[in-house]
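Hi,

Here is the structure I promised to send over. Have a look first, and then read on for what turned up among the side chains.

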Amino acid sequence: MDNRERTEKQRIKAERQRQEDIALSKVLYWFGGAVVMEVLLFLTKRYYIDFDTSEWSVNLAYGIGQALKFIPIAALILAVLGFVWCFSRKRQGKGGVLPWAVSSFLLGLAVCSFLVYRFNPSGADLLTYLIPVTAVLALIYYLYQREFFTVALTCTAGIVGLWALFKDGGRGARTYALLVLLGIFLVAVAVLARVLQSRGGVLSIKGKSLEVLPKNANYALLYITCAVIAAALVAALALGAVVTVMVYYAVPVAWLLIMAVYYTVKLM
């Protein structure tokens with residue numbers, strides 16, 4: 001091996017290490033943001049949803065309720081401005097993970113505060129699980145294959161749909177609207193997978209080629225995932241409480257665990 005080949009290998013190794021360090025820092029930002037969001041959610045549940053009848057608690061809950069009317073809008077505006085600034089920095093060739101992390105946190109704060117204000121206990125209960133799940137999805141996105149992220153995201157969407165369906169026996173218009181959106185999402189994932197499969201995992205956007213999935217991606221697992229989630233949702237909608245609720249949840253969870261083992265082995 002001559003010096004040129006050795007230098008090239010060292011350069012490739014250093015670049016790979018740099019990319020891994022960036023990915024790890026992004027994951028840490030996601031988990032840090034999730035911890036902060038969970039703390040804020042805990043305080044909100046304690047002093048806004050589960051407050052006692054003392055005068056101090058009632059006044060504090062009222063103040064939090066008033067603030068929640070404006071926090072989603074303010075956080076969303078700041079998030080948009082933050083992302084505009086981040087894209088401007090990117091065009092100027094400036095990097096940095098922190099501006100993106102802060103903007104993403106503000107966007108998450110806008111969504112979470114809106115859900116708490118709009119749905120109160122139900123929204124807070126959902127966010128208790130959804131926030132850490134989002135952090136885990138970020139970990140999968142940055143450290144695993146993109147196809148596994150797609151599988152995990154699809155399974156998570158299915159679990160949220162089951163939760164909405166069984167929450168207090170919810171069969172209202174909002175629940176059915178969510179199920180329709182989930183159906184559209186599953187079809188979109190399957191169609192996108194088919195398009196990517198026919199094009200070797202590459203999409204052309206404005207004349208530029210973008211590799212979404214690798215050439216050796218297992219598209220069959222994406223189709224099966226969509227079918228499994230669709231079957232679980234249809235069965236839950238048709239059978240309801242005829243079968244124990246946990247059976248419905250067990251289907252996407254078990255499939256996700258199987259896929260986690262498969263893609264972890266594939267990553268080695």
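Predicted model: local features only at pLDDT ≥ 70, side-chain atom pairs only at ≥ 80, totals over all residues.

Phenylalanine 83 belongs to helix H3 (residues 71–91) and tryptophan 100 to helix H4 (residues 98–143), so the contact ties together parts 17 residues apart in sequence. Tryptophan 100 is partly exposed, at 29% relative accessibility.

Arginine 89 sits over tryptophan 85, 5.1 Å from the ring centre, and arginine 118 sits over phenylalanine 119, 5.3 Å from the ring centre.

Then the salt bridges, of which there are two. Lysine 45 meets aspartate 125 at 3.9 Å, N to O. That pair links distant parts of the chain, with lysine 45 in helix H1 (residues 3–49) and aspartate 125 in helix H4, 80 residues apart. Both ends are partly exposed: lysine 45 at 23% and aspartate 125 at 28%.

In the other bridge, lysine 266 pairs with glutamate 147, with 3.5 Å between the closest N and O atoms. Lysine 266 is in helix H8 (residues 245–267) and glutamate 147 in helix H5 (residues 146–166), so parts 119 residues apart in sequence are tied together. Here lysine 266 is partly exposed at 30%, whereas glutamate 147 is buried at 1%.

Cheers

Technical notes. Residues numbered from 1 in each chain as written. Heavy atoms only, no water. Helix = DSSP H or I, 4+ residues; strand = E, 2+ residues; numbered from the N terminus. Buried < 20%, exposed > 50% of the residue type's maximum accessible area, 1.4 Å probe, protein only. Lys NZ or Arg CZ within 6 Å of the ring centre and 35° of its normal. Salt bridge = Lys/Arg side-chain N within 4 Å of Asp/Glu carboxyl O.
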